[in-house]
Structures are given as structure tokens and as C-alpha cells.
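Subject: Structure handover

Hello,

Here is the structure I promised to pass on. Please open it alongside this note; my findings follow below.

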Amino acid sequence: MLQALGGTVPPNTDHAVSVSLPTWRANVGYEEGEDWVISKMQCGYPRFFVHGIIQKLAQEIVKRVGDTERESATLFASLRTARICHSFIVSKVSEEEARKVRIVKFVPSPNADAGSTAITSSLVAVIYQKEHFPLAKQVWQHSGNGISSRRGEFCLGALERGLLVEEKSSASNESVSQRPCKGPRRYQGKGSFSSISRGPSTPTTPSPDQTAATAGVEDGRDYSQFIEERFGRNLSPLKANQAKLAVRKRIAGVLTADVELPDALEKASSEGRVSGISEDDVFLYPSGMSAIFNAHQTLLNTRAPLKSICFGFPYTDTLKILQKWGPGCLFYAHGSSEDLDDLESRLKHGERFLGLFTEAPGNPLLKTPDLLRIRSLADQYDFAVVVDETISNFLNINALRHADIVASSLTKIFSGDSNVMGGSAVLNPHGRHFQVLKDAYSRDYEDVYWAEDAVFLERNSRDFISRIEKINSTSEEITAMLKASPLVKDVYYPKFSPTRPLYDSLRNPNGGYGGLFSVTLHSHAEAVAFYDALEVLKGPSLGTNFTLSSPYVLLAHYGELDWARGLGVDPDLVRVSVGLEELADLRSRFQRALDAAAQAKK
């Protein structure tokens with residue numbers, strides 16, 4: 001069942017979210033950029049590794065509008081997201097070099113026959129000198145705003161057919177044309193546009209990805225799409241608006257039934273995860289980091305340009321966002337009560353902040369912040385609270401009641417299948433800043449979530465409640481087993497954490513402790529032996545339907561391992577995301593890994 005180095009995770013998946021790094025040495029080789037690893041990689045986590053389809057699309061664009069010897073391109077779905085990349089690059093290079101950085105928009109060809117298609121895509125390229133790729137890559141990674149591989153596939157097909165061309169006119173500088181553009185045949189259909197309303201709180205202008213609720217697709221659709229639809233896996237991409245509505249309702253908590261989409265939309269209840277919430281308070285993004293990045297941007301645009309607070313050892317890109325955009329941040333690495341004492345002292349002495357960003361629980365030590373005290377300080381001293389609930393998920397805990405914005409990576413357990421990216425931001429309808437934030441999101445939010453990604457995410461998430469229940473149960477058993485082993489130094493899991501009372505204060509009546517845990521052993525050699533012998537898929541990401549492991553600190557903080565160690569995060573930590581395998585099977589696998597660690601100890 002183990003996947004070869006560089007293979008897709010899950011196997012045989014064109015748009016896989018993870019990549020196989022099956023040994024400790026392979027992870028080091030990846031971080032060092034060694035050819036024996038890099039040359040075998042079929043894919044990678046999409047914000048860290050630009051998918052081959054997107055690389056090919058970027059090369060084709062530079063071939064048409066740039067200099068292939070000297071220039072590269074990074075691709076976005078809208079002018080606004082492209083401008084963020086453009087501004088970041090020009091702020092870091094000389095004035096002379098900055099003049100060479102430019103934005104090129106692509107629109108449907110005026111010669112295209114648009115009558116038979118109902119899917120459109122905008123495409124905006126930031127063109128720059130090749131040596132500036134690391135700067136563009138930072139924006140791609142941190143902001144999460146880049147295009148998905150499925151959108152890239154669509155646009156590459158349109159570009160190669162001559163149906164997507166550079167915009168030459170001086171018309172609207174704020175958005176690309178929204179005329180339909182043919183891509184692969186599976187995106188084509190018959191019928192007129194009829195979108196699902198998002199309600200009065202969301203933009204009424206059609207998005208660049210407006211889709212139609214049509215009767216079906218042409219008989220000549222792609223074989224892979226035929227298989228997906230024939231066996232009930234997915235809707236046609238032409239149903240993307242309904243899919244997005246269903247996803248937003250699920251996140252709001254008003255849609256819980258695992259039934260087909262039309263029935264689900266009809267059976268949605270009026271009660272959500274907090275009273276008064278609706279799907280209109282939920283906003284979808286291309287990734288979880290995009291949700292966090294845009295939450296920070298929204299706060300900067302609606303409030304005074306103040307520093308933010310990063311509370312607790314965070315997922316790496318959250319800290320980078322707060323440091324690289326805006327006035328910077330105050331970083332409390334431990335997320336402790338002593339840190340809150342220091343923050344309160346600063347506030348009492350007049351310091352003011354934009355917002356506090358935290359995770360519940362944190363990654364990879366699974367500590368839970370004191371959201372009740374944070375909320376009290378936020379109300380008293382007027383800063384916003386943004387909580388990333390990806391690891392716990394909203395079925396296990398209710399963080400929204402203490403937050404202004406709750407962000408989540410839908411790529412993880414909400415989807416489970418590891419074949420689509422997505423993210424969400426949810427506004428607390430009872431929050432202190434709700435109306436200001438709702439007005440800002442309604443005014444500035446861009447729906448750039450790609451149609452086909454939406455239908456994959458909708459189908460994947462139908463059974464997320466039952467999946468989470470099983471994963472919660474299995475995770476408690478496996479962590480208890482590891483905690484009882486003398487070979488294990490520490491198990492980091494909310495149930496066993498010193499901050500468990502804080503987690504329990506957030507836990508829903510039927511909520512569990514999640515499917516993610518971290519483990520450390522007593523030596524580097526034992527950690528390597530344990531990881532290498534663990535018979536599960538191995539690679540970045542979490543929340544998959546299959547058990548997935550990685551030497552997380554090595555991957556996330558390779559260039560700053562001493563820094564992480566100084567903050568109490570062991571560089572030899574192994575992180576595990578529990579899947580849907582049977583408990584007895586997983587017990588056996590973990591026991592064999594422990595046996596290997598015991599041999600290494602000798």
C-alpha cells in the first residue's frame with residue numbers, strides 16, 4: 001500500500017493534494033532540493049509545489065507575451081489577486097527591475113463560439129524576470145490565491161485552442177471579460193444562465209466563474225468525467241453554484257444530511273452552528289490560507305493599520321502573512337496564560353492591535369488557546385479575533401462564539417479525499433465587528449473558487465460527519481496506545497494536553513478530540529526508524545480519509561529548526577493524521593513502527 005517516492009497521494013490521482021515522501025531521508029532530500037527526490041516528484045502540496053499543468057500553462061503564456069529565456073509567470077484568477085503579487089515583487093526589487101514586472105490579462109477570443117458553453121474563467125498573469133521567482137513563490141505559498149490545477153487544465157485547453165487570448169483593449173481595468181470561454185468538452189453544456197442567489201449580503205454581479213444550472217453536458221464529454229458522474233461521484237461542473245451553496249450551508253451547520261444535492265438543499269434546517277448564522281455568513285476561497293490571508297487584508301482595509309498578534313506556535317504561513325503584509329505582528333509562540341498576561345499589560349499601557357490570529361488547537365503541539373480570555377480582552381480593547389479551526393473542525397468544537405472570523409482549510413477533513421483544495425471564512429453574526437466585517441466582505445469578496453473544484457468538494461463533504469466520528473474514536477485509541485509505550489517520549493493530542501480544559505470548554509456535546517496528533521521519541525535514530533517503518537502513506541497535508549504521516553517540523557521549518565527547538569518544538573517530531581482504516585489494522589502498523597524504533601535504540 002506504500003506509495004513510491006514522488007508519487008501522488010492518494011495514488012493515481014491527477015489533482016492530488018499530497019506527494020509521497022516515504023522515508024526521513026527523502027524529506028531531507030526534498031528540503032535540500034536534491035535531484036534524486038525532486039526529479040521523481042509528480043506533484044506536491046499545491047501552495048508549495050506548482051502543479052505540472054500550471055507550470056505548462058505559465059510557460060505557454062510567457063511564450064506568447066514574454067521572453068522565455070528571461071521571464072516567468074505566476075497565475076491568478078483575478079486582477080486583484082494578481083496585483084497583490086505584483087505589489088509584493090516590486091516592493092522587493094530595484095526601481096529598474098520593478099518596471100519589468102507587469103500584469104497581463106487573458107480573455108475569451110472574440111472569435112470563439114460561446115453559444116454552447118456555460119463555464120467561464122478569468123486568467124491573469126504576473127510576468128517577471130526569472131530570478132524573481134522566489135518572490136512570486138512567496139505570494140503563491142503564503143496567500144493561497146493562486147489558480148488550482150483544475151482551473152489550469154481548463155485554461156490550458158482554451159489557450160491551446162486559441163480561445164483564450166491576451167486582452168488588448170483598454171476597457172475596464174478592474175475585471176476581465178466575463179463572456180463564456182470553451183475549455184475541455186466536459187465544461188460545455190446547453191441552456192441559459194440561471195445562478196443560485198447568494199442572498200442580499202453578497203455581491204450580485206456575476207463572478208468570473210459564473211456557472212449555469214443546465215440539463216447536462218454533451219455526449220462527447222471526457223471519459224474521466226463520465227466515470228465520475230456515471231457512478232454518482234460528482235455533479236457536472238455546470239452545477240457549481242448549487243455545489244457552492246451546499247458547501248456553504250454545511251459549513252454554517254444547516255445542512256447535515258448525507259444525501260444527493262437537490263434533496264440536501266431542500267432539507268437544510270434553519271439552525272446552524274450558532275444561532276442566527278446562515279450560508280450568507282460563509283465565504284469560500286481557493287485554500288485555507290487564502291481565507292486567512294483575505295481575513296487579514298479585510299481587517300487592514302476596514303480598521304487602522306495596526307500590528308496583529310500571532311498567538312501560539314502557528315502553521316508557518318499564518319505567521320509569514322502577518323509579518324510580510326501590513327505593519328507586522330507581535331508573536332506569542334507559546335500561547336500561554338503568561339503570554340496573555342503580557343498582552344493584557346501592553347493593552348493597559350496603551351498599545352493597540354488590529355487583530356489576534358490563533359489556531360484551536362495549534363499545529364503541531366495541539367495546544368488550545370484560552371479563547372474566553374482572549375475574547376474578553378478583544379472586547380475591552382477593540383481588536384478582532386480570527387481563529388483557524390482546521391485541526392479540530394467545527395463538529396468537534398465551537399470556536400465561532402468566541403471569534404469574529406473563523407477560518408478553515410476545507411482541503412483537510414471536510415473533503416477527506418485529498419484531491420481538491422478549498423477554504424472558508426465564517427463571520428460570527430453576534431460578533432462585535434460583525435456589521436463592519438459583513439459590509440466589507442460583501443463589498444470586496446471575490447468568488448474565484450473554480451467550478452470543478454466546487455463540485456468535487458461538495459461530493460467529498462457529504463459524509464464528513466460520519467467520517468469525523470470514526471476518526472475521532474480511532475485517534476483516541478491509537479494515541480492511548482502510544483502514550484502507554486516506554487519508547488514514546490511525548491504524545492501531543494488535545495485529550496492529553498495540559499490545555500485539555502480549554503479544549504473541553506469549546507467542545508460540542510458530541511465532539512471528539514480530532515484526528516491529528518504528534519509523537520516524539522527519545523532519540524533521532526528512533527524517530528527515523530519509527531517514521532520509516534510506519535506503514536501508512538507519507539507526505540504533507542492532514543485530515544485525509546487515509547492515515548497520513550510526515551516529519552512535520554522538518555518539512556515546515558527546515559530552515560529554522562533551531563528556532564523551533566528553542567520554542568519547545570522538537571525537530572524530530574512525527575505528525576500523524578488518522579484515517580478511516582480499521583482500528584486493529586492501525587494498531588498493528590503502529591506496533592511494527594514501535595518495534596523498529598526499539599531496534600534502533602539497541
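Start with the strands. Strand S4 (residues 102-108) runs antiparallel to S5, and five bridges join the two. Helices (H or I, at least four residues) and strands (E, at least two) are DSSP runs, numbered from the N terminus. Two strands pair if DSSP finds at least two bridges between them.

Two notes on the source. This is a predicted model, in which local features need pLDDT of at least 70 and side-chain atom pairs count only at pLDDT 80 or more, while totals for chains, interfaces and linings use all residues. Residues are numbered from 1 along each chain as its sequence is written, and side-chain values use heavy atoms, with hydrogens and water left out.

**Strands and sheets**

Back to S5. Strand S3 (residues 71-76) also pairs with S5, antiparallel, over six bridges. In S5, Val 126 is the bridge partner of Ile 103. Thr 74 also stands opposite Val 126. Strand S5 (residues 123-129) has seven of its seven residues buried, so the strand is largely enclosed by the rest of the structure. Buried means under 20% relative accessible area, exposed means over 50%, and partly exposed is in between (1.4 Å probe, protein chains only).

There is also an open sheet of five strands, in the order S14-S15-S18-S17-S16, with mixed pairing. S14 (488-492) and S16 (537-538) are the edge strands; each has a single partner strand, so one side of each is left without a neighbour in the sheet. Inside that order, strand S15 (residues 516-521) and strand S18 (residues 574-577) run antiparallel and are joined by four bridges. Phe 517 stands opposite Val 576 in S18.

**A covered helix**

Look at helix H16 (residues 451-460). H16 is mostly covered, with 10 of its 10 residues buried. Charged side chains are on that list too: the buried residues include Glu 452, Asp 453, Glu 458 and Arg 459.

**Cavities**

The search of the whole structure gave four cavities of 30 Å³ or more. On a 1 Å grid over the protein atoms alone, a cavity is a set of points where a 1.4 Å probe fits but cannot get out; lining residues have an atom within 4 Å of a point. Grid points are joined across faces, edges and corners, and a volume is the space filled by probe spheres set on the points.

The largest cavity holds about 320 Å³ of space. Its lining has 29 residues, and Pro 46, Ile 147, Ser 148, Ser 149 and Met 421 lie nearest the centre. Helix H7 (residues 149-160) gives the largest share of that lining, three residues. By class, the lining of the largest cavity has 15 nonpolar, 10 polar and four charged residues. For these classes, Ala, Val, Leu, Ile, Met, Phe, Trp, Tyr, Cys and Pro count as nonpolar, Asp, Glu, Lys and Arg as charged, and the others, Gly among them, as polar.

The second largest cavity holds about 120 Å³. It is lined by 15 residues, with Ile 391, Ile 413, Ile 471, Gly 515 and Gly 543 closest to its centre. Helix H17 (residues 464-483) supplies the largest share of this lining, three residues. The lining of the second largest cavity has seven nonpolar, eight polar and no charged residues.

**Cysteines**

The structure holds zero disulfides (pairs of cysteine sulfur atoms within 2.5 Å). Cys 310 is in no disulfide; the nearest cysteine sulfur, that of Cys 329, is 5.5 Å away. Cys 310 is buried, at 1% relative accessible area. Cys 85 is buried as well, at 0%.

**Salt bridges**

The count for the whole structure is 37 salt bridges (a side-chain nitrogen of Lys or Arg within 4 Å of a carboxyl oxygen of Asp or Glu).

- Arg 373 and Asp 341: the closest N and O atoms are 2.7 Å apart. Arg 373 lies in helix H14 (residues 371-381) and Asp 341 in helix H13 (residues 337-348), so the pair ties together parts 32 residues apart in sequence. Asp 341 and Arg 373 also belong to a salt-bridge network with Glu 344 and Lys 348.
- Arg 346 and Asp 342: 2.9 Å, N to O. Both lie in helix H13, four residues apart, about one turn of the helix.
- Asp 585 and Arg 589: 2.6 Å, N to O. Asp 585 is partly exposed at 33%, whereas Arg 589 is buried at 7%.

Best wishes

Notes: 1 Å grid on protein atoms, 1.4 Å probe; cavity = no way out; pocket = protein on both sides within 12 Å on 5 of 7 lines; lining within 4 Å.
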